[in-house]
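Student: I am new to this structure. Could you walk me through some of its packing?

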Amino acid sequence: MADNARAKRLADLIREVVAQKLQRGIKDPRLGSHVTITDTRVTGDLREATVFYTVYGDDEERAAAAAGLESAKGVLRSAVGAAAGVKFTPTLTFVADALPDTAKTIEDLLDKARQSDQKVREVSAGAAYAGDADPYKKPDDDEDDAAE
């Protein structure tokens with residue numbers, strides 16, 4: 001079993017090689033410049049690599065990019081094997097990264113929270129205290145109460 005540092009170095013190399021090959025080496029129109037490699041993870045035994053990617057576009061372009069990556073898997077694995085120089089070239093698995101969708105969901109939730117905070121500010125702008133402005137008793141108030 002390889003150490004984590006070696007797996008991390010191999011993952012970084014795979015990410016760079018796959019990104020360069022997609023940009024310059026593969027002529028598939030489905031894999032144009034709208035495919036971005038975001039992360040790569042390699043198992044501890046260096047046998048399998050998971051490549052995370054995002055696609056700029058709609059669902060149809062995402063499906064086309066996924067099909068293009070699956071068809072180019074052999075070419076990409078050969079390029080990784082030539083660059084890595086390891087005994088066994090890891091098998092590549094492409095997974096669409098959920099990061100953009102998650103970021104959009106978080107942004108929507110933050111917008112809702114900002115709107116709710118704004119409504120609370122508007123309602124509380126003219127509000128007054130329910131009782132005294134300072135509800136705490138002072139030491140001199142206790143002496144006056146005791147004298148009476």
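Student: How many aromatic pairs does the count come to?

Tutor: Keep in mind that this is a predicted model. Two rings pair if their centres lie within 6.5 Å. By this rule, the count of aromatic pairs is zero.

Student: Which residue lies over the face of F88, at 4.2 Å from the ring centre?

Tutor: A charge sits over a ring within 6 Å of its centre, if it is also within 35 degrees of the ring normal. R77 lies over the face of F88, at 5.5 Å from the ring centre. The residue at 4.2 Å from that ring centre is R47.

Student: Are helix 1 and helix 3 parallel or oblique to each other?

Tutor: Helix 1 covers residues 4-25 and helix 3 covers residues 73-84, with their axes 9 Å apart. The two pack at an angle of about 130 degrees. Helix 1 and helix 3 are therefore oblique.

Student: How many charged residues are in the contact of helix 1 with helix 3?

Tutor: Helix 1 brings residues including L10, V17 and K21, which meet V75, L76, A79, V80, A83 and A84 in helix 3. By class, this contact has twelve nonpolar residues, no polar ones, and charged residues numbering one.

Note on methods
Residues are numbered from 1 along each chain as its sequence is written. This is a predicted model: local features need pLDDT of at least 70, side-chain atom pairs count only at pLDDT 80 or more; totals for chains, interfaces and linings use all residues. Side-chain values use heavy atoms; hydrogens and water are left out. Axes are lines fitted to C-alpha atoms, for helices over the stretch in contact, and angles run from 0 to 180 degrees between N-to-C directions. Helices (H or I, at least four residues) and strands (E, at least two) are DSSP runs, numbered from the N terminus. Angles under 35 degrees count as roughly parallel, over 145 as roughly antiparallel, 65 to 115 as roughly perpendicular and the rest as oblique. Contact means heavy atoms within 4.5 Å. Ala, Val, Leu, Ile, Met, Phe, Trp, Tyr, Cys and Pro count as nonpolar, Asp, Glu, Lys and Arg as charged, and the others, Gly among them, as polar. Rings of Phe, Tyr and Trp (its six-membered ring) pair if their centres lie within 6.5 Å; planes under 30 degrees apart count as stacked, over 60 as edge-to-face and the rest as tilted.
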